[in-house]
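These notebook entries record what I looked up about charged side chains. I began with one term and then went from pair to pair.

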Amino acid sequence: MKKYNIAVVGATGMVGRTFLKVLEEPPEYAVFIILSQNHESLLLTIRSRCTLIRFNPVSDRVIRKFIENHFPDEVGMKDFLVRYSGGVCGNVEKILAQEN
């Protein structure tokens, strides 16, 4: 059984030309997962080396549970956060970051 090192990278400035060097000749044991809400914002040369996997938005129930578990102080805003999250837990974090 092969062992892999998995790196999860958010699509920020790091996923640029420097990262492209690693993707051009990745180590045999490496798996990179690049998270992006807009895959078209990635360099075309990076996209050409990736497999696109789309994730569906999660249910309101999952968002509610996420808020209860990770942001118990924000339970009063739960309905607002569920409505504007678009089914993406990361959007809850972004909304709350803007509020603070």
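I first wrote down that a salt bridge is a side-chain nitrogen of Lys or Arg within 4 Å of a carboxyl oxygen of Asp or Glu. This is a predicted model, in which local features need pLDDT of at least 70 and side-chain atom pairs count only at pLDDT 80 or more, while totals for chains, interfaces and linings use all residues. Residues are numbered from 1 along each chain as its sequence is written, and side-chain values use heavy atoms, with hydrogens and water left out.

**Entry: the search.** I searched the whole structure and found four salt bridges.

**Entry: glutamate 68 and lysine 78.** I found a salt bridge between these two residues, with the closest N and O atoms 2.7 Å apart. Glutamate 68 belongs to helix H3 and lysine 78 to helix H4, so the pair ties together parts ten residues apart in sequence. I noted that helices (H or I, at least four residues) and strands (E, at least two) are DSSP runs, numbered from the N terminus.

**Entry: accessibility.** I took buried as under 20% relative accessible area, exposed as over 50%, and partly exposed as in between (1.4 Å probe, protein chains only). Lysine 78 counts as buried because its relative accessibility is 14%, whereas glutamate 68, at 33%, counts as partly exposed.

**Entry: arginine 64 and aspartate 79.** I recorded a salt bridge of 2.9 Å, N to O, between these side chains. Arginine 64 is in helix H3 (residues 60-70) and aspartate 79 in helix H4 (residues 78-85), 15 residues apart. Arginine 64 is partly exposed at 30%, and aspartate 79 is partly exposed at 47%.
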